[in-house]
Amino acid sequence: MLTRRGFLKGGGLALFGIGLLGGIPAFIAEAAAREKVTRLYKKGKVLVCIFQRGAMDGLMAVTPFADPYLQAARPTLFMTPAKGGSAAPLIDLDGRFGLHPAFQAFEPVFRDKRLAIVHGIGSPNNTRSHFDAQDYMESGTPFDKATPSGWLNRAVGLLGHDALTPFSAVSLSSAMPRSLYGDNPAVAISNLQDFAIQMKGNPLGANMAAKSFEDLYDQTAPGLLKQTGQESFEAVKMLQKTDIRNYKPAGNAQYPNSALGSALKQIAQLIKMDVGLEIAFTECSGWDTHFGQGTTAGVFARSATDLADSVMAFWTDLDTYQDDVTLMTMTEFGRTVHQNGTGGTDHGRGSCNFILGHDTSGGLVHGELKPLAQENLEDGRDLPVSTDFRAVFSEVADRHLRIAGERVLFPGWNGNPIGVMRQA
Amino acid sequence: MKFVCTALGVLLLCSFNRGLRFPYRQAGLTERQAAAHLLSRFTYGATPGEVDAVVHQGLERWFSKQLEARLPDDSLDLRLSGYDALQLSNAQVRETFPRNGEVLRMARKDGTISSDSAMGDPKAYKDVLKNYMQEKGFKPLQELYRQFYCQKILRAAYSNNQLQEVMTDFWFNHFNVSMTKGDCAEFIPAYERDVIRPGALGKFGDLVLATAKSPAMLYYLDNFSSKNGGINENYAREVMELHTLGVDGGYTQQDVTQAARVLTGWTVYPLGREDNPLVQRLAAMSPDQMVQRGFVRDGDFLFIGNRHDKDPKTVLGTEFGPDEGYQEGVRLLALLARHPSTAHFICKELAVRFVSDNPPASLIDKMAQTFLDKNGDIRKVLITMVSSPEFWAPEAVREKIKSPFELAISSVRSLQATIDQPYQVYNWVSRMGEKLYAYQAPTGYPDKGQYWINTGSLLNRMNFGLAIASGRIPGVHFDLAALNDHREPESAQAALETYTRLILPERQTAETVRRLTPMLSDPALAGKVDAASNRMANEQGPEPGPSPAMLSQVVGIIIGSPEYQRR
């Protein structure tokens, strides 16, 4: 087995010259053939996940606008695709579902069959606690709190090879998300620029300190500290190859000046640096719309604009890398069918999610949505969960990252895929 | 009364000290090395001179004192005296730090906010709420949390009863609850203060019962809502899987469901809610009436008889009920706490914390035997551990990797630093990968080097070393000259050796010194560093000793070095 350490020590840095020189050094090719690591330097597939924390109102994001029950349940929140009036109408996707106008940036990729939507997605566990539902969705075990690992961390372990670089799995967030808890290497960083030895206003001192640290970690006894120390400095050097601060997105992509925009921009940079990124995670908030949810303007619209504009800037920026990337959003549950007394919606069950990529079965709203008559609602109030999130997550991971063994990715899950990804 | 306490203390001390002998010589350690090892495991890091002090006192006697955990802590108490929220009860916390939703409800009730103002301008809306909070004397919960994080840092850095703080951290992580869950967050300060710390060196069974009844745990693992006809299994499962038996401890799903039924009706007394109908009903009852109607109140804990499943149940072959009420749960938790699987599971976790990431089975067996013989007496189990050769074996010494918190606090202690702004230290600990009290899963932080060390976190450890040593962590002050009793090192080389020894007592540091020497003694480099570091340049000391800027850089590198990450 070619180990992560072996790769880095043997040729990790040398590989950065490849783009310039062309071809793969003979020893790497040999190692690849010998160890059957076929994707050693072939541009890898990348799965990017965005957790929409707070529970997005799927019925507002992608509205079944012809449903009379919904209109009745939401006197001031219901929107239609009908033109007229000052407010922007819904974007009619298929005669049945309308995309909220704040998501308009998504329309071209939906029409282009790159964007798939799953409606009625959620967890089989009917908790309406944000914490519990996020926890279950991120561990991927909706009835077991003690699962130590997150599903994306398990995915790292199922990629079929060791993590080749320190950047195999990266979360752009201040703390390690539950999705990436586990034994496989993962890094949480809030800013790529922090990935260096730093002494503010004293670059010379920082340089000297870096040299000393490198020396000390090199001489220490073999083991975790020595290995990770060496990897750390190799990672720093990897990032130093690129001018992170003055990054120019491709295609004139305009990232919103938001936390999500900044996170996705950095994920795009990592992808383009070819540092071996395979799984990326980030999150956004603002979806817990109990008060003043609004329609074309308001809390929901602001969060939706940020999400759609950030994702589409990322997608434009990826340019030729789009083939290798699938992006998936997720949220812990949906919101009540009826609006509440404060112009918002409360915690519900089913919501919807977005999957963007060239191998999605795009241009469709997947999933099952019955008319929102009370007898069709869960507990008489909520859009029922008709698609288990594990069906979608495992299908996306399986098809895009070529992970076999869904049952290990989601212990206890043996359901079927629903066809959100195209058959290869 | 005071006499009795003192007498009791002396008795306790005698009983711990008597017959204690640590077998470190057999493992090839000198007394000083053994003292350094002992300090590295049972404190948040040795302060300069502390190894000598422990040798002087006697290792066994020092450990007994730590087990007793009654050393005066006046200096710590003084530092904590400015934190006014730390002594509040849960009910007072609810009154002083109401949640946003509650503020909103009150403001509506008062008519300060009309129900349709939620639809308007969110900024104006926020301002109205803010003014309302100020008017009422409410404070934001963030302030409570800030004080809570700061006290952990101050206690770890300055308490003389170090073992008690280390064990508090251990048990908190074992019975983990998380600030990331809003429902339980505000009760976590009292959880640590009233449940974990007082029980940290007591009987394991008492900890299980006290955590089960605490609002923080009842909300974190949802048992507060579990009732006859609507059970929630979360707590029942985790108390077996994570708190007592362990995942391979020999229980079944059937046991989990039955245990959940045993624990139905265990909930939280409605806190800070005088208008709550249940509170009003309870307030009108005499203690006898409460018992008659099936209520048990113990502080913030409330057992509600008519939410309890009265049918018979069987857990691990033991029968509960019918209709034994609150006592069923008490019996169940006691059964779990003294189970042989529990003894093994807990002792392994202790050995992982204090001995090595992969502790030998022989050691765990000995500890588990003591656990069973002494009814889960944590002190006795620790004594068995430290009296075992495995604790002192070469495979154990320096083999644990400090958690980010341990690294930060040990640095403060090594430098004998004063912390004026503990929150700054809290931020650094978060950056290094250990957001305090915020591990989301009930497993708690994995207590092993593999979890703490990755490329991102390791770079942040190095940056932390440089930041603290160069005085760039606001509110953390120290005096490097004072550490060496204001004796000026004769040369750069001497300075390096002196400070390495002070910060890394009883370690093999020759190689570290050799590697760092060129940097410290190169005058051209030193000049450049001083010039680059303007603030330090003004304080430059006379030749031939190293300049303060160079010295602090060297100290930063020692703190970020691989050797300092070990304990």
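## Exercises on a predicted two-chain model

Buried residues account for 50% of the 567 residues in chain B.

**Exercise 1. Compare the radius of gyration of chain B with that of a compact globule, and describe the chain's extent and make-up.**

Solution. 
- Step 1. For 567 residues, the rule for a compact globule gives a radius of gyration near 24 Å.
- Step 2. Chain B has 27 Å, which agrees with that value.
- Step 3. Along the principal axes, the C-alpha atoms of chain B fill a box of roughly 80 × 65 × 50 Å.
- Step 4. The secondary structure of chain B consists of 34 helices and seven strands.
- Step 5. Take the contacts in chain B between residues at least 6 apart in sequence: 72% of them join residues at least 24 apart.

**Exercise 2. Describe the side of chain A that touches chain B: how many residues, which elements and which residue classes?**

Solution. 
- Step 1. Contact is made between 44 residues of chain A and 51 residues of chain B.
- Step 2. On the chain A side, the elements giving two or more residues are α7 (130-139), β7 (187-189), α9 (203-219) and α10 (224-240) of chain A.
- Step 3. The largest share, ten residues, is that of α9(A).
- Step 4. By class, the residues on this side of chain A are 24 nonpolar, 13 polar and seven charged.

**Exercise 3. Find the residues that touch the most other members of the largest nonpolar core, then follow the contacts of Met367(B).**

Solution. 
- Step 1. In soluble globular proteins, nonpolar side chains tend to be buried together.
- Step 2. The largest nonpolar core here has 274 residues, and those touching the most other members are Cys347(B), Met367(B), Met385(B) and Val554(B).
- Step 3. Helix α12 (residues 299-318) of chain A gives this core its largest share, eleven residues.
- Step 4. For Met367(B), set aside the neighbours within four places in sequence; the contacts are then Cys347(B), Leu350(B), Ala351(B), Val381(B), Thr384(B) and Met385(B).

**Exercise 4. Work out the strand order of the three-stranded sheet in chain A and name its edge strands.**

Solution. 
- Step 1. The sheet is open, with the order β2-β4-β3 (chain A) and antiparallel pairing.
- Step 2. β2 (62-64) and β3 (91-92) of chain A each pair on one side only, making them the edge strands.
- Step 3. β3(A) is joined by two bridges to the antiparallel strand β4 (residues 97-99) of chain A.
- Step 4. Within this pair, Ile91(A) lies opposite Leu99(A) of β4(A).

Conventions:
Residues numbered from 1 in each chain as written. Chains lettered and ligands numbered in written order. Predicted model: local features only at pLDDT ≥ 70, side-chain atom pairs only at ≥ 80, totals over all residues. Contact = placed C-beta atoms within 7 Å. Helix = DSSP H or I, 4+ residues; strand = E, 2+ residues; numbered from the N terminus. Nonpolar A, V, L, I, M, F, W, Y, C, P; charged D, E, K, R; others polar. Core = buried A, V, L, I, M, F, W, Y, C linked by C-beta atoms within 7 Å. Buried ≥ 20, exposed ≤ 12 C-beta atoms within 10 Å, placed from the backbone. Pairing = 2+ DSSP bridges. Rg over C-alpha atoms; globule rule 2.2 N^0.38 Å.
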